[in-house]
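Have a look at the model first, then read on.

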Amino acid sequence: MSFNSINSSARELLAGGRLSGKVRVPGDKSISHRALLFGSIAEGVTTIQGLLPAEDPLSTAACLRSMGVSISPIKKGHSVEVNGVGLDGLQEPAEILDCGNSGTTMRLLLGLIVGRKGHHFVLSGDDSLRRRPMKRVGNPLKLMGAKVHGRSNGNLAPLSVLGQKLHGAVIGTPIASAQVKSAILLAALTAEGPTTVIEPAHSRDHSERMLKAFGANLQVGGEMGRHISITPGAILKGQPVVVPGDISSAAFWLVAGACVPGSEITIENVGLNPTRTGIIEIMQQMEASFEILNQREVAGEPVGDIRVIHKGQLKPFQLNEEIIPRLVDEVPILSVAACFCEGISKIKGASELRVKETDRLAVMARQLTSMGAKIEEHSDGLTIHGVGKLRGTELDSETDHRVAMSLAIAALLAEGDSKLANSDAASVSYPDFWKDLERLHD
Ligand code: S3P
């Protein structure tokens, strides 16, 4: 079976068949960015095993290199060495920091650079990134004394930053965003006095875990770990980092395994950090057949293998604001799953999806509707009727990696083949997705 590339970015998608076998998804994107960033401002060498060799982390690495950090080439199967320059060692870049398609790169870099007194920085990115809101990071950083300017009253890139001596602050963030939290924590490392971030809900905690491992003076408190404090002064020390497989990439195989008749897939080495496992809770709601095997802890992160088997009808699910931070990137593929659940599934409290690489609620509703799905779109979510079948058609990822991969699974479940425009988008987080799909498909 082959999922032929028609030209550089369009691809034929075959309907039918089943998926079986083992797959090892690439390294976690969030952890990969953080390993590069924290390694850069640590003293000594950080060796990263399993770093995601995809476009987004490459953008982060390129920006760090242009601030004087030496990072070995990022290639699949090779560990990466970061020669840290220490907390005060970053140089003023002689060029624009190009963050590509990566919101995590731009937002975390903002936190990293705003406290570099006297240095000037310009950050930009692709068309999608230049439309994404940056004030959510700029505003809290301004409370620490940062100077960030941009289009649309500081909200849109290109952004310019003039580094300032920052002061610590107590900052309540209006949205549960790990990108915002991490930017504040990065800025706090070199500010004067302690900083506390208070989140409305607990977002992914990879920064907290890794900063502690690097030696930062970081405390987590409050209800559900929503208060995170940094007291500056500690020196970060380069560490060995092992990056687990990305549960957000595993999500495509989890849903495919549960929905595609005859499938049986084992996804190995998946990160199971509890701030990321919302999809597991939804799989339980759907009464999908899966088991988690070989649970272990690797370099401070819980990891396991997941075996999923298609066993027949799935129950519809409901998800709301409370769980969104734990599965924010999995909503596109869950909206595909909902089309194959017996009944009506509801996704609520998901307005954050509208400011991702694309407006993912609108794009998924548009693309799946073109396949015959029955979806009502709301300002903060989707109501999806489990029609039980889709038809193959002309699809478009609209340049969004998670949409591309979600539509690939939808097309497999459809009657009749599809064509997917902009399928290359997958390489932002999962460069071998099409190869893995072809290998698992029979
Ligand atoms: C990320 C956090 C999430 C997620 C993104 C990666 C991170 O964004 O959607 O893909 O690495 O911190 P928000 O923090 O904006 O929710």
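Predicted model: local features only at pLDDT ≥ 70, side-chain atom pairs only at ≥ 80, totals over all residues.

1. The crossing of H3 past H4 is right-handed.

2. Now zoom in on where the two helices touch. On the H3 side you'll find Arg 107, Leu 110 and Gly 111, and they meet Arg 136, Val 137 and Leu 141 of H4. Sorted by class, this contact has three nonpolar, one polar and two charged residues.

3. H4 itself covers residues 135-142, and its buried residues are Arg 136, Val 137, Gly 138, Pro 140 and Leu 141. Helix H3 (103-113) is one of the elements they pack against; strand E10 (170-172) and helix H6 (178-188) are the others.

4. Next, the nonpolar cores. The largest has 80 residues, and the members touching the most others are Trp 253, Ile 267, Leu 368 and Phe 433. As general background, nonpolar side chains in soluble globular proteins tend to be buried together.

5. Setting aside neighbours within four places in sequence, Phe 433 contacts Phe 252, Trp 253, Met 405, Ala 408, Ile 409 and Ala 426. Another core, of 64 residues, lies apart from the largest one, and includes Val 82, Cys 99, Ala 183 and Val 243.

Conventions: Residues numbered from 1 in each chain as written. Heavy atoms only, no water. Buried < 20%, exposed > 50% of the residue type's maximum accessible area, 1.4 Å probe, protein only. Helix = DSSP H or I, 4+ residues; strand = E, 2+ residues; numbered from the N terminus. Contact = heavy atoms within 4.5 Å. Left-handed = near helix turned anticlockwise from the far one by under 90°. Nonpolar A, V, L, I, M, F, W, Y, C, P; charged D, E, K, R; others polar. Core = buried A, V, L, I, M, F, W, Y, C linked by side-chain atoms within 4.5 Å.
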